[in-house]
Amino acid sequence: MSWLIDSLTSSLGRKVLMALTGLFLILFLAVHLSGNLQLLKGDEGRQFNIYAEFMTSNPLIKVISIGNFFFILLHIVTSVILNRRNKKARPVGYAVSPTQSTWASRNMGVLGFLILIFLIIHLKGFWYEMKFGSVETTDYDAKDLYAVVKAAYSQLWYVAIYVVSMAVLAFHLSHGFQSAFQTFGLNHIKYSPIIKFVGAAFAIVVPALFALIPIWMFLNS
Amino acid sequence: MNLTLKVWRQKNASDKGGFETYNVSDISPDMSFLEMFDVLNEQLVREGKDPVHFDHDCREGICGMCSMYINGKPHGPKDAITTCQLHMRSFNDGDTITVEPWRAAPFPIIKDLVTDRSSFDRIIQAGGYISVNTGGVPDANEIPIPKKVADEAMDAATCIGCGACVAACKNASAMLFVSAKVSQLALLPQGQVEKKSRVENMVAQMDDEGFGACTNTGACSAVCPKEISLTNIARLNREYFAAKSSSDNV
């Protein structure tokens, strides 16, 4: 077993953990977005509420959601360990900072930390409310999460936090997506341009659509 | 050319160190950066001061000794050259140039701009070799190697181990160096025998030396005087996990 622990705790192994958990979270983002876009359907949240009820009661989804929380945690813990190692590798910094790489790639830790703060606000606002708060039940036997979302998104500062956070997420994804494949050793003249294109598109389209939801609901409130 | 130099001065590894500002005048644009430092040092010696210590050897870009971090970039503003190949015509009259040593815990500063890069040697000792029986020279075409593969191996083998990759990396990671040294052997038939233990041992040594992890920023390849490609880092990742999951080393 020691070879397995050695592999996973080596600098390369920890990077693979970052890449694996990162790609899982990217998948989660896509699923989460497809669910959330139902908020814009214009049916006073009926379809969204039924979907939310399903997502919080289906046993299979529950297992996936536990996995999701675990992967978020693993992504954070691994990044903290790597960050400490990286800081130790350069105890004295430069007077003139190097700039031979993209800004996002040099600031993944800071971007990730901002996303974590957003996650806490986001989970407190909706997930916690749905699970432990007092959300009213609709006449079609689903909690009216839509009303909670609508109330939240009628406040300008709340919408602003969401839009800024999605910009942060976009930068995080712009490096993270393609970097994960490089960590897996997938760097090929045929596939790398495709990975870079899909990564860039994902990093723009997904956060933009996420940001559109609060903006849209604010404008229609 | 008249220039202002901000140079890192540090007596020894335990000294805190700091920047000193010097003025040099009548510098020819045809001088190399190191020749400009020779002028500065002659000036300092005449003034009875300690000359600036810096590493250099071949002064033709192949030994990997020169190692100055100039204005925020290892080996200065130009691409694909070492400090010794950098000419003063790359700067303007009146410029202020900041010169720092490589900054990495595994490259402790010996004095001024001189760092101890023997951590790289220990990584090589851990596996950057092949074991062959000595004897007569084998026939040139006895082992067929496709031209493309030979080129790739040769590209990786051009690494001179200067450490610019570590210096430029925000994590002071040695991945580009190690990946080049693993690749040059992993690509060729002669490197197959020790293929698995090589990558396992070299990565373990890299981690032991205290280099940072790779964030795939690409800064290493951007500053590499030999333009070692990031595809080598991908290959290192593949080689490492293939070896870890299939070798007999438990």
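In the predicted model, B:Glu35 is found in helix H1 (residues 33–46) of chain B, where helices (H or I, at least four residues) and strands (E, at least two) are DSSP runs numbered from the N terminus. With 16 C-beta neighbours inside 10 Å, B:Glu35 counts as partly exposed; a residue is buried if 20 or more other C-beta atoms, placed from the backbone, lie within 10 Å of its own, exposed if 12 or fewer, and partly exposed in between. Although B:Glu35 and B:His87 are 52 residues apart in sequence, their C-alpha atoms are 9.0 Å apart in space. Residues are numbered from 1 along each chain as its sequence is written, and chains are lettered from A, with ligands numbered from 1, in the order in which they are written. Because this is a predicted model, local features need pLDDT of at least 70 and side-chain atom pairs count only at pLDDT 80 or more, whereas totals for chains, interfaces and linings use all residues.

Chain B has eight helices and seven strands, and its C-alpha atoms fill a box of roughly 60 × 40 × 35 Å along the principal axes. Of its 250 residues, 46% count as buried. Two residues are taken to be in contact if their C-beta atoms, placed from the backbone, lie within 7 Å; among contacts in chain B between residues at least 6 apart in sequence, 70% join residues at least 24 apart. The average pLDDT of chain B, on the predictor's scale of confidence in each residue from 0 to 100, is 97, and 100% of the residues score at least 70. In the loop between strand S6 (109–111) and strand S7 (114–115) of chain B lies B:Asp112, which has a positive phi of about 50° although it is not a glycine. B:Asp112 counts as buried, with 23 C-beta neighbours inside 10 Å.

Two packed helices are described by the angle between their axes and the distance between the axes. Here the axes are lines fitted to C-alpha atoms, for helices over the stretch in contact, and angles run from 0 to 180 degrees between N-to-C directions. Angles under 35 degrees count as roughly parallel, over 145 as roughly antiparallel, 65 to 115 as roughly perpendicular and the rest as oblique.

Chain A has nine helices and zero strands, and its C-alpha atoms fill a box of roughly 60 × 45 × 40 Å along the principal axes. Of the 221 residues of chain A, 30% count as buried, and residues 24 or more positions apart account for 76% of the contacts in chain A with a separation of 6 or more. Helix H8 (156–183) of chain A and helix H9 (residues 191–219) of chain A pack at an angle of about 170°, with their axes 8 Å apart; H8(A) and H9(A) are therefore roughly antiparallel to each other. The residues of this contact divide into 22 nonpolar, three polar and one charged. A:Glu44, placed in the loop between H2 and helix H3 (46–57) of chain A, has a positive phi of about 55° although it is not a glycine, and is partly exposed, with 13 other C-beta atoms within 10 Å.

Between the chains, 35 residues of chain A are in contact with 39 residues of chain B. H4(A) gives the most to the side of chain A that touches chain B, with five residues, and by class this side has 13 nonpolar, 16 polar and six charged residues. The predictor gives the complex an ipTM of 0.94 and a pTM of 0.96.

Methods. Nonpolar A, V, L, I, M, F, W, Y, C, P; charged D, E, K, R; others polar.
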